[in-house]
Amino acid sequence: MMFSHYFFSTDSCNCVEPQWPADELLMKYQYISDFFIAVAYFSIPLELIYFVKKSAVFPYRWVLVQFGAFIVLCGATHLINLWTFGIHTKVVAIVMTTAKVLTAAVSCATALMLVHIIPDLLSVKTRELFLKNKAAELDREMGLIRTQEEAGRHVRMLTHEIRSTLDRHTILKTTLVELGRILALEECALWMPTRTGLELQLSYTLHHQNPVGFTVPIQLPAINRVFNTNNAVKISPNSPVARLRPITGKYTPGEVVAVRVPLLHLSNFQINDWPELSTKRYALMVLMLPSDSARQWRVHELELVEVVADQVAVALSHAAILEESMRARDLLMEQNLALDRARQEAETAIHARNDFLAVMNHEMRTPMHAIIALSSLLQETELTPEQRLMIETILKSSNLLATLINDVLDLSRLEDGSLPLDLAIFNLHSVFKEVLNLVKPIASVKKLTVTLSLASDVPEYAVGDEKRLTQIILNVVGNAVKFSKEGNISISVFIAKSDFLRDSRAPEFSPMPSEGHFYLRVQVKDSGIGIGAQDVTKIFTKFAQTQLAGARDATGSGLGLAISKRFVNLMEGHIWMESEGLGKGSTAIFIVKLGIAESADESKLLALPMVPANQPQTAYPGLKVIVMDENGFSRAITKGLLEHLGCQVTTASSPEECLLIVTPDHNVVFMDVSLPGVDGYDVAVRLHEKFRKRHERPLIVALTVNTDKLTKETCRRVGLDGVVLKPVSVDKMRSILSQLLEQRVLVEA
């Protein structure tokens, strides 16, 4: 009653009754839960299958397969529930819905958890497998390393053996012996190419089972196959190069390999440089394993053979280089000995030539001194026109001979490098004016006009060798006068600018301008007979004379221009000749390098002795002179010259006699310093010691046959007042005395 009362009273009261889910909503929850349960159940087996597939070490794969099948079937039942759903009571529906929701949550959580767990499980197994594989790999590498170390040790031993000698036969024989010992070979042989390169010859064998000297064609297929690769190649035991032992009975030959050995060819060998190497040909090394055995070639053994072949090639190249170097060294030693002998012979020849020239210089100048002195004395006496012509001819010929002697000596010293420049400050303008004054008398006789043009930028003073520059100018101008019959000769002097320094015919002349120096360019143009094109290149050659019809009257030794060229080269310059052809005149051009005279050195210019401009006296009566000369003939000649000029002459034949007779009353002492065995320089020193005061001491002048730099320096050092070069004429002696008395010092005469 109460229940019915309660049941029926609900419709008439406003009590709040709990709200349960409607049946449709519960059905929807069950549908969703069954779907997720099915998805989870189907994904879990897939994950297990993935795990089984990736895990190579899991032992119970069938259990996982069975478990997966069970889960798939469970998932299938839930999936079927989606179509076989029935209506239940509300309580049952609530319970089923709750259970299915929980099952779906747990199933999805499990599926998601497996997604994270399986990779971890796989990584553990993978690491174990990785470590096992690494361990196995390390074992293999260690075995390989041990094998390589053993092979390397064998290679080092073999390399040491074959490189301990540089004899090619020893190298090859040692290689075969060591390979046979290391690899336990039955036979090992080396085939070398013949000279023609068309065949291989059996040259070395290990056990000498086959006769050496047997040849095979080099174009065999097996040989070509080996020669075309760097690797050791297995070849047939029946190949001609593999038949290394006589066939006796039945036997199974061992495996045979062959490898090429490069034979390096040397070219362009030089001792101080590495030679060029080129692989021209190959040798063939054949190795045979023991017969009647199952042994085969292993990889490391083949590698060892290849390395040894390379080492043999290197050792053979070193041996070849040594042989070539020894040959080159022997050849070089022979060449050095030959050069040394040639140098000694050249030095001996130069010394002999210099000694000969020195003796001839002295021996020729002494009679020349007599000829010129006596001829000049005779010239000043009463003579008939015919006699005077004879004397003038004698004097002219004698002066020409004296000039030739000077030229030969200068050329000799220039060629052996013993003639240095005597650099000093000099008056450059005066040099050209002096040359002009010297050639004008000769030019006037030939009715030639000689003009001098000095550019305004040419400095008055310069630093250089005044004597040699004068000699160059005099030779060039004199040559123009000699080969010109009429017309004019112009001398142009100016500072050479960059445009005028080069000569296209002499590209080797490369002047380098520098501070403190300048290049002087001199052009001497004449209207003479000209020069043929074939003679322009010969004009500066020693002893060269052009054979021209118009030049037959011109005399000369052919040394003037050759010496001038050498002097110009010594002054870092260049000289050349230009001519448009025969009968059209010529132009001689030379460039020399001179120093710029600083203003601070002007005081030195004042101390330089100058040649007196006044005409010398004709006689010097009362002038007391001593002549010291060991040669009585030469002494008498010099005495005659001085007495002709009015001097009171006392002669001495030795230094002791000269020191004994000299007094403060004597004005000049002439002494010959070039006589062998006589030290005239010592006489000068002792005269200075005897006469301490300058005004009491007579002037001391050296008579010599040589005025080179050493002689002049020695004269200056011992206090001589002048140097006179023999031979001496009356006019020259007159000029010497005039300058001595006026200047108390003598410029080289």
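**Sheet pairing and helix packing in the predicted model**

Colleague: Which residue in β17 stands opposite M671?
Modeller: This is a predicted model, in which local features need pLDDT of at least 70 and side-chain atom pairs count only at pLDDT 80 or more, while totals for chains, interfaces and linings use all residues. Residues are numbered from 1 along each chain as its sequence is written, and side-chain values use heavy atoms, with hydrogens and water left out. In β17, the residue opposite M671 is A702.

Colleague: How many bridges join β16 to β17?
Modeller: Strands (E, at least two residues) and helices (H or I, at least four) are DSSP runs numbered from the N terminus, and two strands pair if DSSP finds at least two bridges between them. Strands β16 (residues 668-672) and β17 (residues 699-704) run parallel, and the number of bridges joining them is five.

Colleague: Which are the edge strands of the sheet?
Modeller: The open sheet has five strands in the order β15-β14-β16-β17-β18, with parallel pairing. Pairing on one side only marks the edge strands, β15 (648-652) and β18 (722-725).

Colleague: What angle does helix α14 make with β15?
Modeller: Axes are lines fitted to C-alpha atoms, for helices over the stretch in contact, and angles run from 0 to 180 degrees between N-to-C directions. Contact means heavy atoms within 4.5 Å. Helix α14 (residues 632-644) packs on the sheet and touches β14 (624-628), β15, β16 and β17; its direction and that of β15 make an angle of about 170 degrees.

Colleague: How are α5 and α7 oriented to each other?
Modeller: Helices α5 (residues 168-183) and α7 (residues 299-379) pack with axes 10 Å apart, at an angle of about 165 degrees. Angles under 35 degrees count as roughly parallel, over 145 as roughly antiparallel, 65 to 115 as roughly perpendicular and the rest as oblique. The orientation of α5 to α7 is therefore roughly antiparallel.

Colleague: What is the residue composition of the contact of α5 with α7, by class?
Modeller: The contact includes I171 and L172 of α5 and V305 and V308 of α7. Ala, Val, Leu, Ile, Met, Phe, Trp, Tyr, Cys and Pro count as nonpolar, Asp, Glu, Lys and Arg as charged, and the others, Gly among them, as polar. By class, the contact of α5 with α7 has 13 nonpolar, one polar and three charged residues.

Colleague: What is the omega of the peptide bond between K726 and P727?
Modeller: P727 lies in the loop between β18 and α18 (730-743). The bond joining K726 and P727 is cis, with omega about 0 degrees.
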